[in-house]
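Please consult the sequence and the model shown below while reading.

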Amino acid sequence: MAAQKGRGVIIRHNGSAIGGMRQKSLSINGAPPADVSDSDSAGWRELLAGAGLKSVSISGSGVFKGSATEGAVLTDIMADNAIPMEFFLPTLGTFAGSFICTRFDEGGSHEGEVQYSMAFESAGVVTFTAV
């Protein structure tokens, strides 16, 4: 696969791209196995695959532009709403589901732009649709 442009990665809220983003990331945390070893395991550990919980984390940061989508995200964050989010990877597809914001930071320096960063954790099933 050829190298990809990072700007092609998009985080969407209710179907609209969140503007001003420069950094975007997605982490998939697979379901950890459970140790089901007992005295009949002959001294070897036995694992039960998929016994734990899966989760997906999304984060992004960028320049605050004051777009309607940024305002809608902030409104949902302040209301503690589960937010419908999508993470689009141009050559792979789209991850979609409900997410809860776990962090929102905004600030700026005296001679610079206002920047923000946000992080979200999945709050239910996350689907993947291939390109």
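## The helix and its cover

The buried residues of α1 are covered by elements that include β1 (10-13), β2 (16-17), β6, β7, β8 and β9. Helices (H or I, at least four residues) and strands (E, at least two) are DSSP runs, numbered from the N terminus. "Buried" denotes under 20% relative accessible area, "exposed" over 50% and "partly exposed" the range in between, with a 1.4 Å probe and protein chains only. The model is predicted: local features need pLDDT of at least 70, side-chain atom pairs count only at pLDDT 80 or more, and totals for chains, interfaces and linings use all residues. Residues are numbered from 1 along each chain as its sequence is written, and side-chain values use heavy atoms, with hydrogens and water left out.

Which residues of α1 are buried? They are T69, E70, V73, D76 and I77. Seen down the axis of α1, these buried residues fall within an arc of 125 degrees, so they line one face of the helix; the arc is that of the directions from the helix axis to the C-beta atoms. A68, T75 and M78 are exposed on the other side of α1. Just after the helix, D80 adopts a positive phi of about 55 degrees.

## Strand pairing around β8

Two strands are counted as paired if DSSP finds at least two bridges between them. β7 and β8 run antiparallel and are joined by seven bridges; they form a hairpin with three residues between them. Within this pair, L89 stands opposite G93 in β8.

β8 also pairs with β9 in the antiparallel sense, over nine bridges. A hairpin through five residues connects β8 to β9, and G108 has V114 in β9 as its bridge partner. Strand β10 (residues 127-130) pairs with β8 as well, again in the antiparallel sense, over four bridges. There, F95 is partnered by F128 of β10.

## The nonpolar core

A nonpolar core is a set of buried Ala, Val, Leu, Ile, Met, Phe, Trp, Tyr and Cys residues joined through side-chain atoms within 4.5 Å. The largest one here has 18 residues, and those with the most contacts inside it are I11, I18, I58, M85, F87, M118 and F120. At least two residues of this core come from each of β6 (55-63), α1 (68-78), β7 (83-89), β8 (93-108) and β9 (114-122). β7 supplies the largest share, four residues.

Contact means heavy atoms within 4.5 Å. Leaving aside neighbours within four places in sequence, M85 is in contact with I11, R12, H13, I18, I58, F95, A96, G97, F99 and F120. In soluble globular proteins, nonpolar side chains tend to be buried together.

## Overall form

The protein has one helix and ten strands. From the N terminus on, the order of elements is β-β-β-β-β-β-α-β-β-β-β. Among contacts with a separation of 6 or more, 62% are between residues 24 or more positions apart.

The radius of gyration, taken over C-alpha atoms, is 19 Å, whereas a compact globule of 131 residues would be near 14 Å by the rule of 2.2 Å times the number of residues to the power 0.38. The C-alpha trace spans about 65 × 40 × 30 Å along its principal axes. Buried residues make up 26% of the 131 residues.
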